[in-house]
Amino acid sequence: MPRIRALIAAASLVLCGLLTSPSPAHASTQGDNCNAKWPGRNGSMHAWDWTDCTGTYLGGTTGNDLDWGDGVGAFTNASNRARSVMNAGFFGGRDVVAFYFLPGGNGSYGCLAPGELYADYLGDNTFTNGASMDRNIMASQWVTASACAGNSWIT
């Protein structure tokens, strides 16, 4: 009888483990899609309207776009939509992307360094004015690291 109880207990533990283990569909981690979309160092930056570089692709550019909502440039009608961004810029010189709370490249900003590669969820980051970056970007430009203050770096 003690043997049967031990076998039932062991089987119950195994069954619990099977029921609580993540399935392969749920085993992915945040950043997997951004990693898969990484283009290598090609001098560009990119943005998507959902987390982990998914959803609608809002645009990408090797240049600046100081008004994501004006219908002109790499980002058209993209103001206040980005939830994830990527920096595939070359190292050296203007290799940091500054994202702005307002159009024009002035005011509050957040900076994405080239070594960071991407921010897969902008809700984890704030502009220098303390506002969430999630769905609040209205402009971007390439800058040097010296243009970014200590609390402006995003991840």
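The torsion about the S-S bond of Cys111 and Cys148 is about -90 degrees, so this disulfide (a pair of cysteine sulfur atoms within 2.5 Å) is left-handed. Its two sulfur atoms lie 2.0 Å apart, and the link connects distant parts of the chain, with Cys111 in strand β5 (residues 109-112) and Cys148 in the segment after β7 (139-143), 37 residues apart. Helices (H or I, at least four residues) and strands (E, at least two) are DSSP runs, numbered from the N terminus. Both Cys111 and Cys148 are buried, where buried means under 20% relative accessible area, exposed over 50% and partly exposed in between, with a 1.4 Å probe and protein chains only.

This is a predicted model, in which local features need pLDDT of at least 70 and side-chain atom pairs count only at pLDDT 80 or more, whereas totals for chains, interfaces and linings use all residues. Residues are numbered from 1 along each chain as its sequence is written, and side-chain values use heavy atoms, with hydrogens and water left out.

The count comes to two disulfides, and Cys34 and Cys53 form one of them, with their sulfur atoms 2.0 Å apart. Here the torsion about the S-S bond is about 95 degrees, so the disulfide of Cys34 and Cys53 is right-handed. Cys34 lies in helix α2 (residues 32-37) and Cys53 in the loop between β1 (44-50) and β2 (54-61), so the pair ties together parts that are 19 residues apart in sequence. With the bonded cysteines of the protein numbered in sequence order, the pairing reads 1-2, 3-4.

Cys53 also has a phi near 55 degrees, a positive value in a residue other than glycine, and Cys53 is buried with a relative accessible area of 0%. Asn80, in the loop between β2 and β3 (84-88), likewise has a positive phi near 55 degrees, but Asn80 is partly exposed, at a relative accessible area of 33%. Most residues other than glycine have a negative phi.
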